[in-house]
Amino acid sequence: MNRLAQCHCGSLRANISGDPLMISLCHCRDCQRRTGAFAGGGAIFETTQVAIEGDRKVFERDGQEGRKIRFHFCPSCGTSLYWDGDFRPGWCVVAVGAFADPTFPPPSASVFEESKHAWVQLPDGMKHAQRGLASSAAKVDAEPRDD
């Protein structure tokens with residue numbers, strides 16, 4: 001399957017082949033500020049699945065345990081289209097909303113729930129983590145919770 005994610009003005013695009021490794025919903029305060037929403041949705045792909053087109057700027061910040069995370073955004077409209085980090089080299093995380101596809105698969109993991117808004121209701125069967133996925137998906141709780 002091929003998918004296209006793009007910024008608001010369409011000048012920065014991610015052409016993606018194949019299915020995501022995982023789709024996560026991140027409740028960390030940084031994602032709340034970055035998106036202006038209660039959480040950020042990210043579709044995780046191997047970097048070999050993603051071809052980027054268009055100009056971009058990068059904002060790099062410190063992540064967990066001294067690792068860096070880089071957000072790539074459109075210099076024209078400011079959309080944060082994708083990010084990568086030292087937490088998992090070889091992964092490219094693309095903003096789910098940038099696909100503008102209501103049939104896009106739902107998230108399977110919810111991370112940084114320690115800062116999740118109390119009123120957010122998550123679907124049954126999701127995996128949950130109070131913090132992030134430090135170096136692999138194995139850091140997410142092994143069993144889904146219903147809360």
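Phe99 and Phe104 are both buried (under 20% relative accessible area, with exposed over 50% and partly exposed in between; 1.4 Å probe, protein chains only). The model is predicted, so local features need pLDDT of at least 70 and side-chain atom pairs count only at pLDDT 80 or more, while totals for chains, interfaces and linings use all residues. Residues are numbered from 1 along each chain as its sequence is written, and side-chain values use heavy atoms, with hydrogens and water left out.

Across the whole structure, 4 aromatic pairs are found (rings of Phe, Tyr and Trp, the last by its six-membered ring, with centres within 6.5 Å; planes under 30 degrees apart count as stacked, over 60 as edge-to-face and the rest as tilted). Phe45 and Phe99 form a tilted pair, because their ring centres are 6.4 Å apart and their planes stand at 50°. Phe45 belongs to strand S4 (residues 40–46) and Phe99 to the loop between strand S9 (91–95) and S10, so the pair ties together parts 54 residues apart in sequence. The rings of Phe99 and Phe104 have centres 4.5 Å apart and planes at 20°, so this pair is stacked.

An open sheet of mixed pairing is formed by 8 strands in the order S6-S7-S8-S9-S4-S3-S10-S11 (strands are DSSP runs of E, at least two residues, numbered from the N terminus; two strands pair if DSSP finds at least two bridges between them). Its edge strands, S6 (57–62) and S11 (127–128), each pair on one side only. S10 (residues 109–111) and S11 pair in the parallel sense over 2 bridges.

Definitions and conventions
Helices (H or I, at least four residues) and strands (E, at least two) are DSSP runs, numbered from the N terminus.
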